[in-house]
Amino acid sequence: MSAVSQGGGRGARYGRAVITELAVPIVVAPMAGGVSAPALVAGAVDAGAFAFLASGYVTAEVVREQIRQTRELTGKPFGVNIFAPSAQSTQDLSGYGDAVRAEAAARYGAEAGVEQWDDDHYAAKVDAVVEARIPVVSFTFALPRAEDVARLKEIGSVVVVTVTTPAEAVAAAERGADVLCVQGSAAGGHRGVFVDDPAYPGGGPLYDLLPALRLTSAEVDLPLIAAGGLTHGADVAAVLAAGAVAAQLGTVFLRCPEAGTAAPQRAALAQGGRETILTRAFTGRPARGLVNRFITDHPNAPSAYPNLHNLTRPVRAAAGKAGDAEGMSLWAGQAYPLARETPVGDLIRDLAGEARTAAITLTRRLGIPD
């Protein structure tokens, strides 16, 4: 079977080198909600890795300010992630809304939000990254509009699309993606499924990362970033051996001092002991997080993103203000107990050293001379 390939001349190949020829083949994942702070991004790229600012849930003006702050901290290239708009839900959300509003009032004396759809300022954010000439722009939750891909390519930006299945990978390649981020089922936070099928807890078929890489590379001839459950340098080496050009890690950076992780979540990560689960309870889109009371109390949340995100956002904020981890979205991957309370630059260097050690061990095991 011939893999789908999207062309691109010398300029496209040069742009992709920002990702494919990193000094340290590690990408710090975009983590919305304030986690991917400018200091985290700058510290990562200064250490030789790559990193994304997360534009989700904020306005385009905030994105511009975050870009400005990051550029004040580093002269090295970094990326911006944008949530592509999800399809509008047709489900009746009144019952879920009533339950959340009652809980907000009883537990926190707060008002819940309105369960309404929006596009997360998508067009304005595309304008912002074009104006700022961001070298790498990634899209999650759906395909970017074809005209936006064209605009970004005109200014030399690399377009990355997050995919969870080979079929999504083919669609992204046909839309003009330069690089794909292949997300395995162990990833923390939201699943990148293009269409959230309510019949599946994860919104669609769940692929472990290595099979996802192998199946995707059989269908699409594009550079692949591997994401999902990676927390150690040996994991980085493993996905590079499987054909990825870089490994994207998120959860392992949640405890870095530069990350904007909320204090209750930091405490829950450090304590360990909780399982992770895929849930729609907070946002209406499958996401992996630490099990807490809110998730347990809302096991059958409807598929309706971002409606439920808008509904529960004030409740989560109130829980955070109260220091109540049981009412917050504690997004984390399956291997979260291995997250380290280490400055991001030191952590990048540690991961790189572990990857090199793993590579040496592998070559010796295979009988390849040093």
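**View 1. The second largest pocket of the predicted model.** Its volume is about 260 Å³. A pocket is an open set of points on a 1 Å grid over the protein atoms alone, where a 1.4 Å probe fits, with protein on both sides within 12 Å along at least five of seven lines. Lining residues number 15, and Ala87, Gln88, Ser89, Asp196 and Ser303 sit closest to the centre. The lining splits into six nonpolar, seven polar and two charged residues. This is a predicted model, in which local features need pLDDT of at least 70 and side-chain atom pairs pLDDT 80 or more, while totals for chains, interfaces and linings use all residues. Residues are numbered from 1 along each chain, and side-chain values use heavy atoms, without hydrogens or water.

**View 2. The largest cavity.** One cavity of 30 Å³ or more is counted; in a cavity the probe fits but cannot get out. The largest cavity holds about 60 Å³. Lining residues (an atom within 4 Å of a point) include Phe83, Pro85, Asp118, Asp119, Asp120, Phe141 and Tyr305. Six of the lining residues are nonpolar, one is polar and three are charged.

**View 3. Helices H7 and H8.** The axes of H7 (residues 166-175) and H8 (residues 209-219) come within 9 Å and cross at roughly 40°. The crossing is right-handed. Pro166, Ala169 and Val170 of H7 meet Leu215, Thr216 and Glu219 of H8, contact being heavy atoms within 4.5 Å. Four of these contact residues are nonpolar, one is polar and one is charged.

Notes. Grid points are joined across faces, edges and corners, and a volume is the space filled by probe spheres set on the points. Ala, Val, Leu, Ile, Met, Phe, Trp, Tyr, Cys and Pro count as nonpolar, Asp, Glu, Lys and Arg as charged, and the others, Gly among them, as polar. Axes are lines fitted to C-alpha atoms, for helices over the stretch in contact, and angles run from 0 to 180 degrees between N-to-C directions. Helices (H or I, at least four residues) and strands (E, at least two) are DSSP runs, numbered from the N terminus. A crossing is left-handed if the near helix is turned anticlockwise from the far one by less than a right angle, and right-handed if clockwise.
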